[in-house]
Amino acid sequence: MHLWQATVPFCLLASAALPAAAASAWGFTDATVAVQSKGAGVNSGLKEELSASKPLSKPISLATVDTLRVTLTTQEGSSPKRPHQAFLLLKDDQTGLDISYPFTVKESGKSRVELTQKNLPIQFLSLSDPVDARVVIGSLGTSEAYDKSAFKLSIARNPDEAVPTIEPARYGKLPEIHHIFRDDPSSPAVIITLAFVGLVGAALPLLAGLWLFLGTNVNHLSTAFKSSPLPHAVFLASLVSFEGVFFLYYTTWNLFQTLPAAAAVGAVAFVSGSRALGEVQSRRLASLR
Amino acid sequence: MPSKRHAASTTSAPAASTPTSTPKSLSSGPATLKTNASAAEIAQHVWQQYLTTTPQRTLLLDAFMFFLVLVGGLQFLYCILAGNYPFNAFLSGFSAAVGQFVLTASLRMQTSGSGPGSSKPSSKGKNARFAGEDEEQTAGISHERAFADYIFGSLILHFFCINFIN
Amino acid sequence: MRWCLALLLCCLLAAVNALSSSGSRLLVVQEDSTEKSLYSKLWADLESRGYDLTFESPKSDKLALFEHGERVYDHLLILPPKAKGLGPSLTPKHILDFLQKDGNILLALSGKSATSSAISSLLIELDIHLSTDRSAVAVDHFNYDTISAAEKHDVLLLQRPGSLRPDVKAFFDATPPLLAPILRAPVTAYGYNPKEEIPSAEDIQATGSQLSLVSALQARNSARFTVLGSAEALEDQWFSASVKAPGGKKTSTVNQEFAKQLTAWTFKETGVLKVGKIQHHLATEHAERNPKIYRVKNETVFEIEVSEYAYDKYVPFEVPAGDELQLEFTMLSPFHRLALQPVRRTETSTVYGAQFVTPDQHGIFSFRVNYKRPFLTNIEEKHEVTVRHFAHDEYTRSWAISGGWVWIAGLWSVIGGFLAFVVVWLYSAPSSAANAIKKTQ
């Protein structure tokens, strides 16, 4: 950002002071405003007379290729005179933008200024409403300076062309950001789940039925328990308690509770299992199986 | 399952030959197939052969394997239909069925080779479980040893699945 | 006894320092000691606010901003010199070094004499551009004082400035990133060289509100530099003058009040923010304060205590309407940027807080409060924490998720089937049918 630093004595006011009429005043006469397109004839295009007392009713449109020309003769009182300051001031009240273009003034007071869109700061190009074009004439001395709206200038842009913008770096609050969380995975409808749980559960009775159909029985249970009761009982119990240990691990236990229990049950199962299976083998060798 | 296939093929392939070609030919066995048998007839013949020639103990084993296929298939179907959340539970439940199936298949391979009909107990010692290891070179390990291994493997499988299902 | 003395010294120091938040040693650089009386009201003002004023001429041999590499003064007020430069001890480099070491500077320029090249080169370093014509002054034919400048129109009458933007605190009313204009010229003002009779159009470089009469710069270290376009505005003559705009009523000026605000801001009596306690913790009761580690999706509370210095004491800092004190939860880029809301007030501070859920992303995050605003000293706070993933025992158990029931049932039915199979395998006698087969064989 460029800041132009001015040097001047100044005073600050607590309240606004409105200017009133003074002895002699600055003004202008013979004023015209013309808009000329590039390549068109000298006298083609729009041309309007300007009045010092009231602004033009219609806004003047300035397109990309057009040149705006304002000519006027400055006067102090009613005699033409060259002022110290003769500006064409463009001002937008909504945004507070303002810029001045000095007139080229001759000794006779004849002044002219030319303006194209290239001369405008790009902040003006993005304005949609017409800006206020004012003529400012002032000079040293006691004569009252002139500052009145002359016409409205609307800056016409080709809608297809993008409006150039600049985004100056400014400290301020930034847009809020809220982290978007991944969706929690959702379970399917409970009814489907329950149906499949039922189907899976039904597989066990199906297995039992199939075994019965194939003539399964536990007839050797008594034989086995007669020949070696303790190993068989302990072996079966150890297998069931193995799964029991796993179930406890699933529900409440941690690994350090599970492993010693599993090791103990495993040792029992190994010893009893070798005895029990020895009995089973003897049955097999006796062709009972 | 090679034994099953073996049993089936030995009876069905030389369809024109005499039924006595099978070592385990049974009096209640099905009639031999004709040369121009249709696919359905062949399938039915194979099924009949399987039912009649497979030892009953092996049939029990096959029933258990069928149960495992059913449970595993249902779980897989549910995963396809209803999504895989929670995925670890699916992996755990499904692999429990698959792993149990594989272990049972191994047990079947190790025990069905010498069914009750053709069993030739070669071991003479009383402590057959340990004596059985002598005959491993020729007839594989004893049924009881295979069953002990099966229980050991199954328990480890169950532990891992329970651990993983959280 | 020694302890008591030490304590006493501390108290005295505290009392002396009580006014500006960053020290009271003020150096006034003034070429001509006879001009000192022109600003007597300003000096009285400053002294009454607790500053130790030292007057030096830029030509003086004794003048040095640094001693043993440390600042000798806390603040610097430079009145416009008539000579070409500010002398060997006030080169632009020295002045910038002073700024780098947290010293504050108020530089006044004057339209009466040409601005020295040393000063314009210093200002260009700070991106403040003076007219290339060194003796240019600003005039305005609409807002001048008819009593003192009826002919020349170079005494401008200005309204008190409002706030720069709606969301910026106004320090200079009746109460850019780094650079901000405090006082702009009226739209009809322009600059010209009074030595030339009539300005030609090409000479006019800046007009209207592009002209800045007072500009402020706050460096990244919050050191302040103010350029005042008019040293005359500080003179006694204008502190309580009566002025009259063209066609207006006679009014008195408020330069004294403005000078107080301007010096107070420049020398860090206002607009100084201080961060007190910073706390973050889980949003549960009796949670550990400022833990090093959080888990993903933890409900977290962050609190920051901010005070603002106002002339002689710290007061609770209030964020201007339209602005926000924002908290960022950042890993490389912000995952959250939330407005911190005032939670409670103490006598000297406001506690701002926000509650949010840590993102579902693990990594090294930081709580960041980065509050940089025009006219306020910068707040830049960064507190690093680790956000970890779920521990293996923090996940939902499988039975609590209805979708997993089928697989749980599958697993346990396999286990049940296994147990049944073991029993069947061990104790199943060959069925009668099988026996019959065996017998026939």
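1. In this predicted model, the axes of helix 3 (residues 56–82) of chain B and helix 7 of chain C come within 10 Å and cross at roughly 175 degrees. An angle over 145 degrees counts as roughly antiparallel, and the two helices are therefore roughly antiparallel to each other. On the side of chain B, the residues that meet helix 7 of chain C are B:Leu60, B:Phe64, B:Phe67, B:Leu68, B:Val71, B:Gln75 and B:Tyr78. Their partners in helix 7 of chain C include C:Trp407, C:Gly410, C:Ser413, C:Gly417 and C:Phe421. Sorted by class, this helix-to-helix contact has eleven nonpolar and four polar residues, with no charged residues.

2. Chain B itself has seven helices and zero strands, and it accordingly reads along the sequence as α-α-α-α-α-α-α. Of its 166 residues, 33% count as buried. Among the contacts in chain B with a separation of 6 or more, residues 24 or more positions apart account for 63%.

3. For chain B, an unreviewed UniProt entry gives the annotation "transmembrane region" to residues 59–83 and 147–165. In the model, residues 59–83 of chain B are 96% helix and 0% strand, with end C-alpha atoms 35 Å apart. The span 147–165 of chain B is 100% helix and 0% strand, and its end C-alpha atoms lie 27 Å apart.

4. One backbone detail of chain B deserves a careful look, namely the peptide bond from B:Tyr85 to B:Pro86, which is cis, with omega near -5 degrees. B:Pro86 lies in the loop between helix 3 and helix 4 (87–111) of chain B. As background, most peptide bonds are trans.

5. Chain A has a domain assignment that gives domain 1 (26–155) and domain 2 (218–289), and the centres of these two domains, taken over C-alpha atoms, are separated by 108 Å. UniProt, again in an unreviewed entry, places the feature "transmembrane region" at residues 189–214 and 234–253 of chain A. Residues 189–214 of chain A are 92% helix and 0% strand, with 38 Å between the end C-alpha atoms, while residues 234–253 of chain A are 90% helix and 0% strand, with 24 Å between the end C-alpha atoms.

6. In chain C, UniProt lists residues 282–428 for "domain: OST48 middle", from an unreviewed entry. Over this span of chain C the model is 16% helix and 49% strand, and the end C-alpha atoms are 62 Å apart.

7. C:Ser222, although not a glycine, has a positive phi of about 70 degrees; C:Ser222 lies in the loop between strand 12 (211–218) and strand 13 (224–228) of chain C, and is partly exposed, with 19 other C-beta atoms within 10 Å. For C:Leu332, which is likewise a residue other than glycine, phi is positive and near 65 degrees. C:Leu332 is found in the loop between strand 20 (325–331) and strand 21 (333–345) of chain C, and with 8 C-beta neighbours inside 10 Å it counts as exposed.

Terms used:
Residues are numbered from 1 along each chain as its sequence is written. Chains are lettered from A and ligands numbered from 1 in the order in which they are written. This is a predicted model: local features need pLDDT of at least 70, side-chain atom pairs count only at pLDDT 80 or more; totals for chains, interfaces and linings use all residues. Domain bounds come from an automatic or database domain assignment. UniProt positions are given in the numbering used here, feature names are shortened, and annotations may be inferred rather than shown by experiment. Helices (H or I, at least four residues) and strands (E, at least two) are DSSP runs, numbered from the N terminus. Axes are lines fitted to C-alpha atoms, for helices over the stretch in contact, and angles run from 0 to 180 degrees between N-to-C directions. Angles under 35 degrees count as roughly parallel, over 145 as roughly antiparallel, 65 to 115 as roughly perpendicular and the rest as oblique. Two residues are in contact if their C-beta atoms, placed from the backbone, lie within 7 Å. Ala, Val, Leu, Ile, Met, Phe, Trp, Tyr, Cys and Pro count as nonpolar, Asp, Glu, Lys and Arg as charged, and the others, Gly among them, as polar. A residue is buried if 20 or more other C-beta atoms lie within 10 Å of its own, exposed if 12 or fewer, and partly exposed in between; C-beta atoms are placed from the backbone.
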